[in-house]
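Below are my notes on the two-chain model you sent. They are set out as numbered points, so that each can be checked against the coordinates.

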Amino acid sequence: MQPVAITAITATSCLGAGLRATSKALRAQRSGLAPCNFETVQLDTYIGQVPGIDERSLPSEISDYECRNNRLALLGLKQDGFMAATARAVDRYGAERVGVFLGTSTAGMLETEIAFRSLDANGMLPASFRYAGSLDFYSLASFVRKVLSLQGPAAVVSTACSSSAKVFGMARRYMQLGIIDAAVVGGVDSLCLTTMYGFHSLQLTSPVQCRPFDKHRDGISVGEAAAFALLEVMGDSNVPGTLALLGVGETSDAHHISSPHPEGAGARSAMQAALADAGIPASAVDYVNLHGTGTPSNDGAESKAVEGVLGTEVPCSSTKGYTGHTLGAAGALEIAICAIAVSDGFMPSGLNCTLIDPECRINYLRSLGDAGPRVALSNSLGFGGTNCSVVIGRLK
Amino acid sequence: MSGERGRWAAEVAAIGLLGPGLSNWTQGREVLRGSLPYHSQPTAIPTSTALPPAERRRAVRVVNLAMAVGFEATAGQAADLTDLPTVFASSVADTRTCDELLRTLATPERSVSPTRFHNSVHNIAAGYWSIATGDTASYTMVCAHDGSFAAGLIEALSLAATTQKQVMLITYDLDYPSPLREQRPIADAFAVAMLLRPKAAAGAICQLECALGAQLVTKLNRPELESLRLSAPAARCLPVLELMANGREGSVSVEYLDSLSLAVTVKPWV
């Protein structure tokens with residue numbers, strides 16, 4: 001399928017705001033995870049928290065969107081010249097030809113949780129609570145569309161941990177059909193009690209920093225992030241070296257609601273579909289950013305899938321030991337990390353993996369890979385058996 | 001690919017419908033034609049028998065709601081359910097689970113049940129639909145507040161056009177208990193499924209053609225149906241269903257985003 005250009009990309013997580021801070025932490029092999037001291041949460045776990053989100057409230061003209069998720073979105077949009085790049089796309093195509101497709105699994109959940117602690121005598125929420133600007137999942141896309149003055153089609157995708165990978169495929173389909181010429185895609189998920197206590201109830205949070213692919217891995221560290229990319233149609237003038245979205249593969253496990261297919265069947269077919277879509281053989285993939293959550297079942301199933309499709313030689317790593325699992329933002333965050341790998345010429349190593357699980361027969365990087373990939377594949381595998389593989393790279 | 005630049009089309013092979021006073025498409029079609037009166041009654045959501053017993057017991061309203069219309073639309077259709085890309089479109093997750101979880105998190109103990117947490121995710125109905133049908137094709141879940149049906153229809157048509165496969169669209173919304181009900185007053189459960197196919201084939205209900213526009217949203221003439229249209233985002237599709245029910249060619253404008261509407265043209269199969 002015709003590739004589309006990635007003309008701007010940015011990521012903000014516990015590693016810092018913007019690509020530069022992210023790249024620096026990845027190169028230094030420095031985790032952003034810290035013991036949980038979030039809000040009133042009493043859990044023995046590590047989290048990937050973005051500092052300073054709550055220090056500044058939103059400007060008055062967008063104050064109806066006040067929530068941690070949208071404040072994080074705004075912080076993310078302000079990095080790496082992303083807003084200026086979007087403004088150029090608007091000049092080029094018109095505001096109604098630029099879409100907004102974003103993933104989230106939390107939206108303004110935190111503010112709603114806090115509001116439920118102060119119901120009045122009649123059981124009503126405080127007057128300050130704004131449903132449409134916070135708990136409504138579309139609030140994220142509505143907010144970003146407003147901040148960027150865009151007037152094209154928009155939607156939020158909420159398929160748990162694959163949300164912000166799937167939006168890349170969605171935007172590209174709309175470009176292919178001529179509905180839009182450009183799109184802001186990405187994802188924002190922020191810390192809240194629902195996900196932290198929820199994953200804890202499933203016994204899926206680790207008491208230490210998550211250890212993807214380690215033999216003794218015992219769960220995830222919840223993180224938060226905002227990551228965005230600007231996708232644009234590519235005319236006939238495909239310039240070699242352009243960073244592009246090359247392929248997307250989407251499948252379902254149809255197996256179990258909260259655990260992956262044990263052989264990674266869905267992840268396997270998603271990677272195969274992404275390669276077929278990109279029109280490249282498995283051997284063309286230089287680096288794989290694994291979903292690698294650090295749960296025993298995910299990493300085991302994913303490694304079988306990778307081994308089956310890409311073999312045991314291709315360099316792979318999970319970057320969740322740096323950022324935590326940023327859930328609905330993970331897809332876009334890790335696609336941005338793949339873009340860093342391509343642009344800055346190195347492959348991130350996996351953190352906290354002291355004894356690689358012998359069952360995982362993949363080439364798992366535990367030290368920095370100093371050769372930069374031309375083509376990188378990112379896996380996002382979610383709750384509900386949803387799988388999405390995205391291939392990006394520089395055009396030849 | 002069907003449709004020219006900026007216009008996309010697909011055939012509607014079958015419909016499933018469930019809402020207040022609407023028990024299925026066969027009855028709902030008569031109501032929309034005006035040959036049966038509309039009596040508003042609380043939506044009766046049947047318990048789906050498609051899931052294994054353990055899952056069936058735990059299935060929350062949103063799962064049964066989506067299953068009811070999904071299986072109505074696929075009954076008797078030549079569709080391979082194990083390879084059917086499906087688009088779910090809704091402005092909410094399971095509303096009662098959301099309320100229960102928020103109340104639990106407001107207590108000092110915060111003893112969240114794992115089942116309740118997994119039932120709270122937006123793609124819970126999608127996940128269970130794929131398990132019940134063995135569907136390994138992709139599914140997605142789109143939200144656009146009151147424009148969620150339009151967002152879902154655009155997504156489903158784009159998938160049909162680019163994959164050249166049949167695609168299922170399942171749009172639904174559920175009412176919240178108080179106090180979220182006062183913030184987001186969805187009246188009752190409402191769901192519609194449309195089985196779409198990219199190419200014309202005998203037996204289809206109609207062809208749908210869509211384009212983005214900025215026209216005023218089409219209202220329904222009968223006040224009781226117009227109030228139903230406004231009662232849930234998923235019910236914003238009623239002007240389209242009314243054209244289909246009447247077997248008429250025509251165009252309506254469906255609610256989408258603040259500055260955009262979705263123009264939908266219906267051409268009956270003759």
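1. Helix H1 (residues 19–27) and helix H11 (residues 330–344) of chain A cross at roughly 75 degrees, with axes that come within 10 Å. H1(A) and H11(A) are therefore roughly perpendicular to each other. Angles under 35 degrees count as roughly parallel, over 145 as roughly antiparallel, 65 to 115 as roughly perpendicular and the rest as oblique. Axes are lines fitted to C-alpha atoms, for helices over the stretch in contact, and angles run from 0 to 180 degrees between N-to-C directions. Helices (H or I, at least four residues) and strands (E, at least two) are DSSP runs, numbered from the N terminus.

2. On the H1(A) side this contact uses Leu19(A), Thr22(A), Ser23(A) and Leu26(A), and on the H11(A) side Ala336(A), Ile337(A), Ile340(A) and Asp344(A). Contact here requires C-beta atoms, placed from the backbone, within 7 Å. The contact of H1(A) with H11(A) has five nonpolar, two polar and one charged residues. In this classification Ala, Val, Leu, Ile, Met, Phe, Trp, Tyr, Cys and Pro are nonpolar, Asp, Glu, Lys and Arg are charged, and the others, Gly among them, are polar.

3. A caution on the basis of these points: the model is predicted, local features need pLDDT of at least 70, side-chain atom pairs count only at pLDDT 80 or more, and totals for chains, interfaces and linings use all residues. Residues are numbered from 1 along each chain as its sequence is written, while chains are lettered from A and ligands numbered from 1 in the order in which they are written.

4. Pro348(A) lies in the loop between H11 and strand S13 (363–364) of chain A. Is Pro348(A) buried or exposed? Pro348(A) is buried, because 28 other C-beta atoms lie within 10 Å; the cut-offs are 20 or more for buried, 12 or fewer for exposed, and partly exposed in between. Apart from neighbours within four places in sequence, Pro348(A) contacts Leu26(A), Ser317(A), Thr319(A), Ile337(A) and Ala341(A). Leu26(A) and Ile337(A) also take part in the contact between H1(A) and H11(A).

5. Chain A as a whole has 11 helices and 15 strands. Along the principal axes, the C-alpha atoms of chain A fill a box of roughly 60 × 50 × 40 Å. Buried residues make up 67% of chain A. Of the contacts in chain A with a separation of 6 or more, 81% involve residues 24 or more positions apart.

6. Chain B has 10 helices and eight strands. Its radius of gyration is 18 Å, close to the 18 Å given by the globule rule for 270 residues, so chain B is as compact as a globular protein of that length. In chain B, 58% of the 270 residues count as buried.

7. Which part of chain B is largely enclosed by the rest of the structure? Helix H10 (residues 238–246) is, because eight of its nine residues are buried. Elements covering the buried residues of H10(B) include helix H1 (25–33), helix H9 (223–229) and strand S7 (250–257) of chain B. After H10(B) comes Gly247(B), with a positive phi near 60 degrees.

8. H1(B) packs against H10(B) at an angle of about 90 degrees, with the axes 8 Å apart. That makes H1(B) roughly perpendicular to H10(B). Arg29(B), Leu32(B) and Arg33(B) of H1(B) meet Leu241(B), Glu242(B), Ala245(B) and Asn246(B) of H10(B). By class this contact of H1(B) with H10(B) has three nonpolar, one polar and three charged residues.

9. Between the chains, the contact takes 52 residues from chain A and 53 residues from chain B. Among the elements of chain A that each supply at least two residues to this side are helix H4 (109–115), H6 and helix H8 (265–278). The residues on the side of chain A that touches chain B divide into 25 nonpolar, 21 polar and six charged.

Note on methods:
Two residues are in contact if their C-beta atoms, placed from the backbone, lie within 7 Å. The radius of gyration is taken over C-alpha atoms; the globule rule is 2.2 Å times the number of residues to the power 0.38.
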